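Trainee: I would like to learn how to read a model like this one. Please take me through it feature by feature.

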Amino acid sequence: MISARGLRKSFGDFEAVRGIDVSVRPGVAFGFLGPNGAGKSSTMRMICCVSPPSDGELRVFGMDPGKDGPKIKARLGVCPQEDTLDVELNVYDNLYVYGRYFGLPRAEVKGRIEELLDFVQLTEKAKAKVDDLSGGMKRRLTIARSLINRPEILVLDEPTTGLDPQARHVIWDRLFRLKQAGVTLLLTTHYMDEAEQLCDELVVMDQGRIVAHGTPLGLIQEHSTREVAELRFGVGEHEALAAKVEDLAERIEVLPDRLLLYSDNGEAVIEAVHSRDLAPVATLVRRSSLEDVFLHLTGRTLVD
Amino acid sequence: MAILNAAVSTAVARPLRGGEAARLLLWRNILVYRRAWLVFVTGFLEPVFYLFSIGIGVGAIVTGFTYAGEPIEYREFVAPGMIAASAMNGSLLDATFNFFFKLKYNKLYDQMLATPLRTVDIAVGEILWNQLRSGIYVAAFLVIMLAMDLVHSWWALLVVPAALLIGSAFGAVGMALTTYMTSWQDFEKITLAMMPMFLFSATFFPITAYPEWLRWIVELTPLYRGVVLCRELTLGVPSWGSLVSVVYLLAFGAIGLVVVRRRLDALLLT
């Protein structure tokens, strides 16, 4: 569906995307993970034909975005990071006008609007002004809008950023159903739970490059241990105590409020810690998550 | 699930043909103004009020007014000026303030570019809308003039197509300039250009009132070309000079269109 070879994008001196290779197969939910400024959105914009690549090759449905933009876009659904709803039109007209931009006949668009409003649970809001909708409703409307042309690929740039947990779950549910129906999903996110829930395959981007690629489980296996033992000692003690336990784990991470010991058997680590007469205030054994992988690969430093 | 079952329908999304895209953009704007008709009407009223106040009110105390050697009523002189101003208002209101809002705040064009629409479709569609609004204003103005017994020639009907020309010229150039604006304050510059153009483009007094050098400058302004064109038509005295105005306005519109398209590319396809 999508293939990129050595894809690059620069803005003046700044290189947002520094040569990435990606290939997305039909029916897959493909995720782009990465901190802010990693180049995720720039990549999405290139795929959506609104940003000419600076270098490299990009094919969407086997076509060149530079030459066949309108043809590609007829088969893409786009749900941008910021809602670009038309605030001068009501909910229904937003969908109607947008649907007509895809060359669909009036009656066809009207039929699809009814189905889509139902799908995103906004039927009662059909006549409402966009500004009167909550954040979650706006997002759902944007998703409904992106489906009006029955896209083969649905591109979602941070689909649930800024939403409350209820709204996020509604959106995940809808996206999951689309995936079941065979729509290829392409999404960026910096929520690890979102990536674990939705993605079959994902890449981690950092500073314009792909630093890891695989399935969520595969990435955890490859870049982390099966379990993580978290030890909490008194404030300020962690740094000093790390040396005493670091041989117990494959990798150790010191945080201001706890130690993270990466090991395939967390319980055994805790037992060993106790047998060394160390008494953590609290302990926790949990499975490694994508978040561990992510932080390991992209670092804990804040990116602005 | 029916939404995703492409088999239930034979209609398939496709790129639009040029004319279709423009029609849809017009339709979108009509939908917007259907709920904001008051805004639409107020833009029209300003030149009408000037016609009543200056043309008819002040005109009542003006005697012995002549135009091109012929004695005419002063209000018959002012009325075509207000037609051109009306056409200018009709297009500039959408081409500047509203265009800026759509571009920067409503993100309307980002939305459109996620669909098969192209920047050229947007530029053409919006300029056509400017023209349409100018055309509607001027057609309504003509009705008022008929009611006031200010029309004496069939040529006057041609002010409607003339309005479309004025609309495209001001619309295209207004939009082109607006793409360079960064904040609402910048629009003071537009107001600053519109006000003197409205007052001094031979709208209320003949251009012969100016010294030679100033006359040349005024004759180069797009509103002046629109005013003389409308005046020649409502007075029923078109000339080769009218054709100069037509070509001038066409060129203005065409250059504006090219600039707008390029600027949209530069701003939106980054």
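Mentor: Start with a turn: in the hairpin of β1(A) and β2(A), 2 residues lie between the strands, and A:Gly12 takes a positive phi near 60°. This is a predicted model, in which local features need pLDDT of at least 70, side-chain atom pairs count only at pLDDT 80 or more, and totals for chains, interfaces and linings use all residues. Residues are numbered from 1 along each chain as its sequence is written, while chains are lettered from A and ligands numbered from 1 in the order in which they are written.

Trainee: In which sense do β1 and β2 of chain A pair?

Mentor: Strands of a sheet pair through backbone hydrogen bonds, either parallel or antiparallel. Strands are DSSP runs (E, at least two residues; helices are H or I, at least four), numbered from the N terminus, and two of them pair if DSSP finds at least two bridges between them. Here β1 (residues 2-11) and β2 (residues 14-24) of chain A are antiparallel over 8 bridges. A:Leu7 stands opposite A:Ile20 in β2(A).

Trainee: Which strands of chain A make up the open sheet, and in what order?

Mentor: The open sheet has 6 strands in the order β5-β6-β7-β3-β8-β9 (chain A), with mixed pairing. Its edge strands, β5 (76-79) and β9 (209-214), each pair on one side only. Within the sheet, β6 (residues 153-157) and β7 (residues 184-189) of chain A pair in the parallel sense over 5 bridges. There A:Val155 stands opposite A:Leu186 in β7(A).

Trainee: How many residues of chain B are in contact with chain A?

Mentor: Contact is judged by C-beta atoms placed from the backbone, which must lie within 7 Å. By that rule, 31 residues of chain B are in contact with 37 residues of chain A. On the chain B side, α1 (18-34) and α4 (108-113) each supply at least two residues.

Trainee: What does the UniProt record cover in chain B?

Mentor: UniProt positions follow the numbering used here, feature names are shortened, and annotations may be inferred rather than shown by experiment. The unreviewed entry gives "transmembrane region" for several spans of chain B, including 122-148 and 240-260. In the model, residues 122-148 of chain B are 96% helix and 0% strand, with end C-alpha atoms 39 Å apart. Residues 240-260 of chain B are 100% helix and 0% strand, and their end C-alpha atoms are 30 Å apart.

Terms used: Contact = placed C-beta atoms within 7 Å.
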